[in-house]
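Student: I would like to go through the strand pairing in this model. Could we take it strand by strand?

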Amino acid sequence: MKFSETFIPTLREEPAHAEVISHILLLRAGFIRQLGSGLFTWLPLGLRVLKKIEQVIREELIRYGCQEMLMPFVQPSELWKQSQRWETMGMELLRLQDRHENDYCLSPTHEEVVTDLFRDNFMSYRQLPCNLFHFSTKFRDEIRPRFGVLRSREFIMKDGYSFHMDDKSLDVTYQEMYDAYSAILTRFDVNFRVVEADPGVIGDGESLEFHVIAGSGEDTLAYSKHSNYAANIESAEALPLGKRATPKTPLQKVPTPNVRTIEDLTKFLNLPIERTVKTLIVHGQESLVALILRGDHELNLVKAAKIKEVSQPVTFASEEVISAELGCSVGSLGPIQLKIPFYVDRSAAMVSDFSFGANEEGKHFIGANWDRDVECENVVDLRMVGEGDPAVDGSGPLAIQRGIEVGHIFKLGTKYTRSMEATVLDREGNSIYPTMGCYGIGVTRMAAAVVEQCHSEEGIDWPIEIAPMQVHLVGLFAKSNSKVKDTVDRLYHALCDAGIEVLYDDREERPGVKFADADLIGIPHRIVVGERSLNQNTVEYRFRQAEIENIPLDEIVMKILNFLNKK
């Protein structure tokens, strides 16, 4: 591939609207261009990266007997209504009608379609287990698409689905997909971590996320440095901090004028924040519901959503609703004489001699204690874990890092086969609902996640498996030097004849321009042919971020081949 004949629109300046490094570099290096909000065109070099990613994924899945197919992007609403997700998917599901006013959606995922395929074509236990996958475009109408292709509305994803007669069979495939995803990320040469996760609206059981570690990641991961325990912070179990001490002070109601926040309260009472609790009000199935946490802790919405009395999705009550139904403002709420159900976080339940609102405007209780002054029956895990909290496996304190979710595997159980009446006959001729697994990995997101981790100040640093090309060949002043021109042309053809993918910069540009573009694009092997090196019958060679070497001209092709054969 010659640079002069390829559409590679590199940019010298940093795009004003790009926030994260992957967005900046993919734009500057000529891999993508933005069409609209969350919509991107993948240019020739970018598309080559996506195809390389797909091929690695395909190879690892086929090792485990997965079968590739392709399902439709546009899906009929009937399937989503059968699974009861037509409404629960919310605004991210882009709905549309055809000319006959039939309802459809643009696919955000394919559980419904694959279950429909299964129920029409699988009849017996003899056909199971079965593991199907495809690469396809997805569309999720994100309210705030950002970070370039890390969180776009339209993206390419590999999703796979397995069907099983029982959980034991599913366990085998689940472990195989864990192994396959780990192998994929290892081949991409990135630092990654596998964490426990919440299945969200897709799953109905155990799930694991695969994260590329990056400071720009949207997800916060909690992990133990002394064991294999790791979890998305939304799913990390928070153990109670400390033990409840014996009460030492009497309960008192005190005036607290103009105190509306926990910060106001600690300053006004000169009280440590750890000896305060806050009362958060959310909408419930039949009434408002109160969630009580220690003053310095943050509510975990995923955990709150698991309380049966709480409405889905979790929605905080407005100040107007709270005032009308509870008779005081948000800053004066507390559990004593609270007229609605309340749940207490494990760590809040360990506090003694603490303060909270008296449910009277401008008043708080101090010296409060659970059981003595107020009941503490519904104790649940409600809070986000933090740095230094104890790991649930007892291995020591938790550490926190950021990650980019690139893959997710789920155990779905019979959520879809049961709701969509997909059955098969078992060995005794009985009709049963098969159990399912689901396995997704983002292709476009993977490309951006790799750049987030693999880059320098000058540009991208592609791992060899997914680089758009294997060799970047640069000729210096070839137009004015026939020896350089003849040599670099012969080397280009020799590399191509050896089956090596080459981007040959044959442009009539200054060396500085060519080197800047080579740094931006980030192809792993770089060969530079110039008059000075040719006088010594050598070429300049560099692999990724390593030092430049002078390699004999007649050895360079074999050096590249030997490297590629060892990878």
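Student: Is strand E20 mostly covered or mostly exposed, and how many of its residues are buried?

Tutor: This is a predicted model. In it, strand E20, residues 398-413, is mostly covered, with 12 of its 16 residues buried.

Student: How does strand E10 pair with E20, and over how many bridges?

Tutor: Strand E10, residues 207-213, is joined to E20 by seven bridges in the antiparallel sense. Within that pairing, Ile-409 of E20 stands opposite Leu-208.

Student: And how many bridges join E11 to E20?

Tutor: Strand E11, residues 219-224, runs antiparallel to E20, and six bridges join them. Here Gln-401 of E20 faces Leu-221.

Student: What about E23 and E20?

Tutor: E20 also pairs with strand E23, residues 435-442, through six bridges, again in the antiparallel sense. Cys-438 in E23 stands opposite Phe-410.

Student: Changing topic: in what order do E4, E5 and E6 lie in their sheet?

Tutor: The order is E4-E6-E5, in an open sheet of three strands with antiparallel pairing. Strands E4 (74-76) and E5 (95-97) stand at the edges and have a single partner strand each, so one side of each lacks a neighbour in the sheet.

Student: By how much are neighbouring strands of this sheet turned against each other?

Tutor: On average by 40°, with direction ignored.

Student: How many bridges does E4 share with E6, and which residue is the bridge partner of Gln-75?

Tutor: E4 and strand E6, residues 103-106, pair antiparallel over three bridges. The partner of Gln-75 is Cys-105 in E6.

Methods: Residues numbered from 1 in each chain as written. Predicted model: local features only at pLDDT ≥ 70, side-chain atom pairs only at ≥ 80, totals over all residues. Heavy atoms only, no water. Pairing = 2+ DSSP bridges. Helix = DSSP H or I, 4+ residues; strand = E, 2+ residues; numbered from the N terminus. Axes fitted to C-alpha atoms, helices over the stretch in contact; angles between N-to-C directions. Buried < 20%, exposed > 50% of the residue type's maximum accessible area, 1.4 Å probe, protein only.
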